[in-house]
Amino acid sequence: MSDAPHAEAEAPDFKTRAGIALADRTLKIAIDRTTNTAETKRAAAVGAFPEFEAARERGRAIKDHVIANLGHYLETFERNATASGAKVHWAADDAEARAIVVRLCREAGARSVTRSKSMLGEEIGLPDALAEAGIERVETDLAEHIIQLAGEHPSHIIWPAMHRTREQVADLFREGHVPPPSAEDPGSMVRSARRVLREKFLGADVGISGANFLIADTGATCTVTNEGNAELTTTPPRVHIVTAGIEKLVPSTAHAFALLRLLVRSATGGEMTQYTTFHRGPKRPGDADGPEEMHIVLVDNGRSRMLGDEFRDMLRCIRCGACMNHCVVYRQIGGHAYGGTYPGPMGAVLTPVLDGLAKSRDLPFACTMNGRCAEVCPVRIPLPTLLRAWRGRSWRENLEPRAMRAGLGLWAWVARRPRLYRLASGLGVRALRLMGKGGWVGSVPLAGGWTAYRDLPRPSGKTFMEQYRGGRK
Amino acid sequence: MTQASGPRVALFVTCLVDAMRPRIGFAAIRVLEEAGCVVEVPEAQTCCGQPAFNSGDDADTKALARQVISVFDGYDHVVVPSGSCAGTIAHGYPELLADDPVWGPRAKALAGKTREILSFLVDVMGYRPEGRSLPASATYHDSCSGLREMGVKAQPRALLAGIDGLEMRPLEGAEVCCGFGGTFCVKYPAISNGIVGEKAAAIEATGADLLLAGDLGCLMNMAGKLHREGSKVRCFHTVEVVAGMADGPAIGEAE
């Protein structure tokens with residue numbers, strides 16, 4: 001069923017969700033289409049940008065500087081944003097952020113709000129909070145519009161509907177648009193979405209956006225889109241609400257541009273987004289348009305805790321999605337299987353911060369440690385190191401299964417005793433050899449995960465050490 | 001350079017080569033000696049501890065790291081026929097023992113002289129295979145840790161280019177992980193299978209006779225998948241080919 005929420009999003013544990021995703025061949029086609037294109041375009045954009053490595057280093061340095069001086073830049077931003085006429089609100093966690101936004105919507109007498117794509121909005125659970133408050137929510141990003149019609153959550157931080165093929169989107173639009181699109185080519189479908197959304201843009205009481213950057217020295221917020229929907233979300237309604245994580249701060253507009261050069265190339269392989277907009281305060285006397293009120297909700301939600309622990313480097317993340325586009329695991333299972341707001345390698349680091357390690361300890365282990373995510377990360381986040389840090393915590397907090405702990409503990413105990421280890425490995429090799437014929441072993445007790453899908457080479461008989469000591473050198 | 005005056009090189013065999021394919025260890029010794037090294041195989045070695053390291057079991061990893069450091073730090077070089085195990089010694093140990101006033105500096109010192117074998121042969125010893133021939137076509141997979149942690153990229157290709165008759169065919173996605181990932185393939189076998197399935201298809205598409213790579217874990221994963229799928233591609237560690245030992249059984253062929 002193409003228009004039912006993907007089942008893997010509903011299953012309780014990661015392994016089940018991943019299994020459902022793996023069995024869905026249409027999902028795999030959708031993932032391959034988008035990630036292959038993203039990978040190719042990013043490589044071309046980086047190849048055409050000889051100073052990319054220097055830009056990465058600068059990007060890393062900008063973010064590290066802000067993180068090290070976060071208090072200073074938050075105060076500077078609040079002062080300058082307030083001076084511009086915006087009102088700054090502080091939310092310690094997701095519940096507080098939701099409450100502030102819903103209150104602001106109610107104070108504005110809002111019946112309908114438009115929203116431009118914001119992963120932070122997803123992180124704080126804004127879609128459900130608006131629904132509970134009885135406020136109509138209209139997603140204006142084309143991909144968000146698709147998943148709103150499907151009743152789903154984003155499966156990618158840049159392309160939220162990347163798990164849906166064109167063909168599935170055509171089905172959704174036929175059922176969800178009145179009248180339906182005139183044809184099912186991309187052009188006709190986009191025109192249909194534009195027609196449906198245009199009415200909503202003009203009728204909304206409040207527009208809610210995220211921010212790609214918070215500019216400390218001007219108090220402005222910056223959004224980038226390729227559709228212009230953020231501008232139509234933030235300008236016509238009476239009230240504009242920005243929700244942003246506190247890690248989005250940069251010292252100045254020039255710093256935002258330094259990071260934009262990295263962000264756009266890493267995300268879509270473009271040089272620049274179609275729309276890059278700075279919002280600074282509400283409508284002023286003489287302005288042709290703009291909101292009467294502008295509110296900026298600064299959200300912590302675990303970020304200040306990361307400042308002081310081993311996940312601090314993750315605060316550099318500029319949400320480009322390159323890590324997931326280049327992740328072999330993401331490319332097998334897609335985003336919903338991860339089960340958190342953020343999927344892929346960056347999500348596997350952030351989800352335990354947001355949802356707790358006990359609920360998400362599978363994610364840091366769902367990684368082959370191949371290092372490709374860190375290789376493409378525009379701000380050089382050592383993602384495998386951070387994932388390993390979660391594994392370490394999971395081990396120390398006794399969250400790993402008892403059998404695993406006991407088995408590994410015994411192995412390590414033996415490995416610290418070389419003579420015993422020689423004896424054990426010699427016996428092990430002989431036992432394994434007895435289980436196979438010719439060159440292969442077809443099934444091995446306790447290694448069913450391996451032999452379910454592949455054969456195991458049969459060991460040749462004696463260990464290297466036995467042969468070496470036996471003088472066959 | 002004569003053998004007696006060459007650098008004293010300790011071979012870190014790796015637990016997987018020790019148990020599953022000793023030929024790789026003997027191939028390593030052969031080429032290292034040809035390159036002029038004095039090769040020793042310390043008997044007190046077992047495993048670098050990577051299974052514990054990647055499982056988050058830092059205490060056991062540290063204990064194994066201290067053991068490896070004690071056994072190996074008296075040599076000029078430590079050479080490993082695996083980018084992955086070399087990476088654990090060269091990057092994992094210093095990271096894990098960074099705050100240890102005694103073992104931290106020793107870990108760093110060992111890291112500085114630990115190399116993956118093919119890069120060691122080319123970058124340190126200037127070795128080139130001579131008089132080796134292998135009339136076959138082959139494709140090469142870049143194992144992730146070797147590529148990204150140990151700088152192994154051009155060296156194996158340069159060595160393979162020196163083998164008469166060996167035709168190298170490029171592998172689409174050669175730098176993409178094969179899905180082995182150590183404990184990953186046991187924890188998440190179905191995801192791992194999806195990844196290695198794509199890798200096996202890319203290998204088949206080259207039409208090459210042989211698949212070569214520098215890490216036995218990855219090789220066992222790819223060879224096991226290729227065999228399960230009925231492929232005729234034969235798999236060897238690159239050092240076996242460089243040592244002229246590809247006339248013997250491939251991975252999964254009876255001796």
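The legends below describe close-up views of a predicted model. Local features were taken at pLDDT of at least 70 and side-chain atom pairs at pLDDT 80 or more, while totals for chains, interfaces and linings use all residues. Residues are numbered from 1 along each chain as its sequence is written, and chains are lettered from A and ligands numbered from 1 in the order in which they are written.

**View 1. The side of chain B that touches chain A.** Contact joins 59 residues of chain B to 50 residues of chain A; two residues are in contact if their C-beta atoms, placed from the backbone, lie within 7 Å. Elements giving two or more residues to this side of chain B include helix 1 (15-20), helix 2 (22-34), helix 4 (58-72), helix 11 (189-206) and helix 12 (216-228) of chain B. Helices (H or I, at least four residues) and strands (E, at least two) are DSSP runs, numbered from the N terminus. By class, the side of chain B that touches chain A holds 31 nonpolar, 15 polar and 13 charged residues. Ala, Val, Leu, Ile, Met, Phe, Trp, Tyr, Cys and Pro count as nonpolar, Asp, Glu, Lys and Arg as charged, and the others, Gly among them, as polar.

**View 2. Helix 7 of chain B and its packing.** Within helix 7 (residues 117-124) of chain B, the buried residues are Ile117(B), Leu118(B), Ser119(B), Phe120(B) and Leu121(B). A residue is buried if 20 or more other C-beta atoms lie within 10 Å of its own, exposed if 12 or fewer, and partly exposed in between, with C-beta atoms placed from the backbone. The buried residues of helix 7 pack against helix 2, strand 3 (77-80), strand 4 (114-116), helix 9 (154-161) and helix 13 (238-242) of chain B. After helix 7 of chain B comes Gly126(B), with a positive phi near 60°.

View 3. Helix 9 (residues 166-176) and helix 10 (residues 186-203) of chain A pack at an angle of about 40°, and their axes are 11 Å apart. Axes are lines fitted to C-alpha atoms, for helices over the stretch in contact, and angles run from 0 to 180 degrees between N-to-C directions. Helix 9 of chain A is therefore oblique to helix 10 of chain A; angles under 35 degrees count as roughly parallel, over 145 as roughly antiparallel, 65 to 115 as roughly perpendicular and the rest as oblique. Arg166(A), Val169(A), Ala170(A) and Phe173(A) of helix 9 make the contact with Pro186(A), Met189(A) and Ser192(A) of helix 10. These contact residues divide into 5 nonpolar, 1 polar and 1 charged. In the loop between helix 9 and helix 10 of chain A lies Pro179(A), which a cis peptide bond with omega of about -10° joins to Val178(A).

View 4. Met369(A), although not a glycine, has a positive phi of about 60°. Met369(A) sits in the loop between helix 18 (362-365) and helix 19 (372-376) of chain A, and is buried, with 25 other C-beta atoms within 10 Å. Arg380(A), likewise a residue other than glycine, has a positive phi near 50°. Arg380(A) belongs to the loop between helix 19 and helix 20 (383-396) of chain A, and is partly exposed, with 18 other C-beta atoms within 10 Å.
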